[in-house]
Amino acid sequence: MSAKKDPSIWQGFKTFLMRGNVVDLAVAVVIGAAFTNIVNSVVKGIINPVVGAIGTKNLDSYSSCLKAPCTLNADGTVKSGIPIMWGEVLGATLSFVITAAVVYFLMVLPMAKYLSRMEARRRAREGTHEVIEVTELEVLKQIRDELVAQRSAPGRDGR
């Protein structure tokens, strides 16, 4: 009895894996992981040095003390006081914004422009096709009207 269920379970699993959206998602995850390296390289190699020229590359050291005196151990753990590590939050936020900007300007915007041009070309081709069809339809209507006019014209059959 279990032999009959096993093929159906494997068949269902195979069908699930071979669905287009699951395969597309898997490809997107792999491409996304590979693209992460490119984005991180651009951020670390180009953007961070530019930001570092203006200010500092490491914002982690910036903090405020909520309850003084704030002292930290050598490993970064809190020894006394209540420090607010706002530099870490600011650094993570800037990293996110910079990464999002790199992704948008290097991938999303050019791809959107490319897809827009392709759509415009497709519409232009379809528009030309429709104009040809309308023109042919108009010509056929004119031929029909001429034939109707010739048949109903007086004196054609001797009257």
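1. Arg 122 is partly exposed at 30% relative accessibility, where partly exposed lies between buried, under 20% relative accessible area, and exposed, over 50% (1.4 Å probe, protein chains only). This is a predicted model in which local features need pLDDT of at least 70 and side-chain atom pairs count only at pLDDT 80 or more, while totals for chains, interfaces and linings use all residues. Residues are numbered from 1 along each chain as its sequence is written, and side-chain values use heavy atoms, with hydrogens and water left out.

2. Arg 122 forms a salt bridge with Glu 119 (2.3 Å, N to O); the term stands for a side-chain nitrogen of Lys or Arg within 4 Å of a carboxyl oxygen of Asp or Glu. Both residues lie in helix H3 (residues 86–152), and because they are three residues apart, about one helical turn separates them. Helices (H or I, at least four residues) and strands (E, at least two) are DSSP runs numbered from the N terminus. Glu 119 is partly exposed, at 28%.

3. Arg 122 also bridges to Glu 126, with the closest N and O atoms 2.5 Å apart. This pair is four residues apart in helix H3, about one turn. Glu 126 is partly exposed at 38%.

4. The count of salt bridges is four. Among them is Asp 145 with Arg 144, at 3.1 Å between the closest N and O atoms. Shared partners join Glu 119, Arg 122, Arg 123 and Glu 126 into one network.

5. The structure has one disulfide, a pair of cysteine sulfur atoms within 2.5 Å. Cys 65 and Cys 70 form it, with sulfur atoms 1.8 Å apart. The link is right-handed, with 85° about the S-S bond.
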